[in-house]
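Hi everyone, thanks for coming.

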Amino acid sequence: MKRIALIGNPNCGKSTLFNRLTGLSQKTSNLPGTTVESTTGQVKLKSGTVELIDLPGIYSLFAQAEDERLVVSTLLGIEGPKPDAIVFIIDGSNIRRNLLLVSQVAELRIPSSCILTMADTAKRRSIDIDIKALENELGIPVAVVNPRSDKNTQSAILSLENQTIGKIISHNENFEPRLRSFYEGNKERGLSEETLKRYTDIEKIVKKVVISSQTRNRNNTIKIDKYVTHPIFGVVIFFLVMMALFQGVFTLASGPMDLIETAFGCVKMQIDEFLPNGMWADFVRDGILSGISGVIVFVPQIFILFFLIGILEDSGYMVRASFITDRIMRKIGLNGRSIIPLVGGFACAIPSIMATRTIKNKRERLITMLVVPLMSCSARLPVYFLLISLAIPASSFWGPFHAQTFVMTSAYFAGIILALIFAMIYKIIGNDKEKSEFILELPTYQSPRIQTVISQAWIKCRTFLSEAGKVIIVISMILWALSSFGPKEAMKNAHLKAVEMTKINKVDSAQIHNTQKLEASYAGHLGKFIEPAIKPLGYDWKTGIALISSFAAREVFVGTMSTLFQTPEDDDQVKGIRTKMQAEINPDTGKPLYGVPYAISLIFFYAFALQCISTMAVIKKETGSWTWPVALFFIYGGIAYIGAFAAFRILSHYF
Amino acid sequence: MNTTANHIGINEIYEIRSLKENDLTLKLAEMGCVPGTEIVKLYTAPGGDPIAFRIDSYILGLRKSEAENIFVKLSELE
């Protein structure tokens with residue numbers, strides 16, 4: 001199949017066009033052994049089906065950011081075969097800078113054609129381009145497309161049919177070998193002179209093809225920006241937007257999440273009915289299905305947050321958020337561009353760590369990656385919910401604050417503050433030879449293109465499913481084995497004890513059996529084994545089991561607690577666990593075992609500790625070694641331990 | 001009236017004269033900051049840094065320290 005790469009500047013309408021042309025046939029593929037990802041899709045043409053490759057937008061082939069380098073490696077055929085043809089996407093309202101890239105790629109002698117986008121916005125700006133003259137100058141077919149309206153997809157498809165090897169716009173000796181050497185990390189001299197020369201040559205083309213360009217009208221964008229970047233309004237708008245983002249996620253995600261949980265509950269009941277009772281039914285239900293449902297239940301939240309972030313990105317606001325936060329970010333060793341991965345971290349760290357590839361400076365990128373896991377991701381939320389509702393009555397106020405809201409907000413801010421502190425520490429420790437750089441285009445505001453936003457949010461979800469999904473399911477199976485099997489003698493005793501208890505209490509025997517079994521199992525032994533280590537934090541061995549099981553995904557905590565406290569799954573889980581937990585008394589203090597100090601200590605632990613194996617695996621992939629993930633595991637784990645200990649000790653005086 | 005881009009007033013029309021030779025030169029040139037191009041300071045982020053400029057026909061955000069590398073003169077084009 002013929003492979004055609006789409007090449008263009010950022011914000012030129014490339015992804016929209018790609019979405020429109022390929023529709024639902026899109027897929028992202030990982031190149032073997034790397035996290036380098038490219039999106040491909042198929043288009044049916046008269047001459048047969050072609051594969052379209054969507055590459056990140058770039059300004060120049062002499063690229064340094066990780067996502068930009070992907071374009072160069074694709075065009076040079078370094079990772080996988082070279083594309084058979086190229087389609088340039090050129091923003092008609094910004095033709096000089098767009099032609100710079102064309103002039104570079106033209107020297108690679110790959111058959112090409114060109115799509116000129118945003119012709120209508122260009123016209124509004126009184127820029128008129130002579131298409132025939134442009135075809136003549138570039139030596140390749142040029143089509144005009146307005147990517148925001150459906151009408152002209154036909155002409156876009158035409159430019160997929162025919163490509164020719166274009167003219168050399170600006171000749172430079174040994175371009176390809178020099179580009180290859182630059183890609184491999186060798187410094188090249190004279191590149192800025194070469195760029196200036198290219199612009200001089202481009203100016204000659206522009207004189208011939210641009211018929212008229214009078215006013216450059218970006219008035220609306222500039223008017224909006226006066227507010228968005230205002231010292232007071234700008235900051236207020238930023239916080240309002242962030243608050244709306246979270247409020248939106250909380251309100252929109254709970255419905256689909258409940259639906260998924262109910263659906264899996266039904267499937268489990270079906271299994272109970274159709275599979276003979278025994279180990280295999282157990283394995284399918286508690287090992288595999290629990291793992292799968294634990295993965296899928298997060299998809300709505302992750303999708304909705306990335307959808308909302310996508311709307312902010314596509315409309316042009318996110319770039320402004322980078323613009324206004326850069327000054328503060330820079331002080332703590334980050335970059336304005338870090339804001340997007342950091343906000344994404346509230347949904348899921350995995351795609352967000354991958355999103356750091358747009359940060360050119362290696363140290364700033366590393367620091368961003370290292371602090372993203374401190375953002376409270378969606379898996380922590382159910383844990384926070386359970387613990388807060390366990391220990392704090394909904395009606396209680398601490399001073400002027402609603403206690404439950406206060407603790408929830410504190411958990412989020414605790415993560416953010418620790419991230420800021422760590423960013424600063426990393427900044428001080430690391431030595432930075434590379435210069436930090438901002439240089440960011442502020443695109444014209446536009447109404448977000450929903451189709452593009454949806455498909456990009458879906459790509460993030462798929463990243464989560466493929467990266468975290470596998471790990472979570474495997475760990476869930478291991479945990480099932482650990483909690484189903486145990487030393488023979490202990491398991492036997494547990495069974496006998498359960499039978500006895502059932503006789504005395506005349507209650508649901510299955511629940512009692514499960515609890516006794518879990519206590520006697522290897523997981524139970526493990527929980528008791530680590531109990532001395534977690535006792536200072538106010539946790540018992542049951543919490544220990546839940547903590548260990550959290551390595552699959554943090555929210556597994558809730559499920560494990562529900563097994564430990566014998567709450568039927570189809571009931572209101574949180575309510576059931578809560579009632580049972582509140583009855584437990586700490587034999588040492590005589591106070592409730594699972595009180596406010598316990599809950600808050602555990603919330604701090606979850607806020608800080610790096611418990612997600614999938615996140616560690618992604619950091620390993622992106623940094624190339626296990627050094628950082630292992631270091632983070634111990635550093636954040638240590639902080640979590642100390643923080644939880646301090647919280648428990650201090651709060652024990654008051655509650 | 002020769003100065004660097006970080007010093008110009010808002011909405012005054014300048015023209016790029018040259019770029020300071022250093023690590024940023026290539027990137028700035030690639031972004032269209034080439035001699036002869038019109039440059040206008042539009043607004044700044046809270047705290048005055050970074051600064052948004054209109055370069056040719058698009059908006060570019062630059063840190064103060066980055067704008068220092070662009071030598072400009074008052075535009076004679078008008």
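Let me begin with a question: in what order do the strands of the open sheet of seven strands come? Before I answer, please keep in mind that this is a predicted model. Okay, reading across, the order is E12(A)-E5(B)-E4(B)-E3(B)-E2(B)-E6(B)-E1(B), and the pairing is antiparallel. So who sits at the edges? E12 of chain A is one edge strand and strand E1 (2–4) of chain B is the other, each pairing on one side only. On average, and ignoring direction, neighbouring strands in this sheet are turned by 40° against each other.

Let's zoom in on the place where the chains meet in that sheet. E12(A) pairs with strand E5 of chain B, residues 58–62, in the antiparallel sense, over three bridges. If you want a spot to look for, find A:Glu441, which stands opposite B:Leu60 in E5(B). Now look for H13(A): this helix lies across E12 of chain A together with E5 of chain B, and it runs at about 130° to E12(A).

Okay, stepping back to the whole interface. How many residues of each chain are in contact? On chain A it's 33 residues, and they touch 27 residues of chain B. Several elements of chain A each supply at least two residues to that side: helix H3 (95–106), helix H8 (191–209), helix H9 (219–228), helix H10 (233–274), helix H13 (317–331) and strand E12 (440–442). H8(A) gives the largest share, with five residues.

Now chain A as a whole. There are 28 helices and twelve strands in chain A. Its radius of gyration is 29 Å, close to the 26 Å that the globule rule gives for 655 residues, so chain A is as compact as a globular protein of that length. Along the principal axes, its C-alpha trace spans about 95 × 55 × 45 Å. Of the 655 residues in chain A, 47% count as buried. And if you take contacts in chain A between residues at least 6 apart in sequence, 75% of them join residues at least 24 apart.

Let's go inside for a moment, to strand E8 of chain A, residues 142–145. Are the faces of this strand covered or open? Both are covered: A:Val142 and A:Val144 on one side, A:Ala143 and A:Val145 on the other, are all buried. E8(A) runs parallel to strand E6 of chain A, residues 112–117, and four bridges join the two. Within that pair, A:Cys114 stands opposite A:Val142.

Last stop: two helices. Helix H19 (residues 450–484) and helix H22 (residues 522–534), both of chain A, have axes that come within 5 Å and cross at roughly 90°. That makes H19(A) roughly perpendicular to H22(A). Which residues make the contact? From H19(A) you have A:Leu479, A:Leu482 and A:Ser483, and from H22(A) you have A:Tyr522, A:Ala523 and A:Leu526. Five residues of this contact are nonpolar, one is polar and none is charged.

Methods:
Residues are numbered from 1 along each chain as its sequence is written. Chains are lettered from A and ligands numbered from 1 in the order in which they are written. This is a predicted model: local features need pLDDT of at least 70, side-chain atom pairs count only at pLDDT 80 or more; totals for chains, interfaces and linings use all residues. Two residues are in contact if their C-beta atoms, placed from the backbone, lie within 7 Å. Two strands pair if DSSP finds at least two bridges between them. A residue is buried if 20 or more other C-beta atoms lie within 10 Å of its own, exposed if 12 or fewer, and partly exposed in between; C-beta atoms are placed from the backbone. The radius of gyration is taken over C-alpha atoms; the globule rule is 2.2 Å times the number of residues to the power 0.38. Axes are lines fitted to C-alpha atoms, for helices over the stretch in contact, and angles run from 0 to 180 degrees between N-to-C directions. Angles under 35 degrees count as roughly parallel, over 145 as roughly antiparallel, 65 to 115 as roughly perpendicular and the rest as oblique. Ala, Val, Leu, Ile, Met, Phe, Trp, Tyr, Cys and Pro count as nonpolar, Asp, Glu, Lys and Arg as charged, and the others, Gly among them, as polar.
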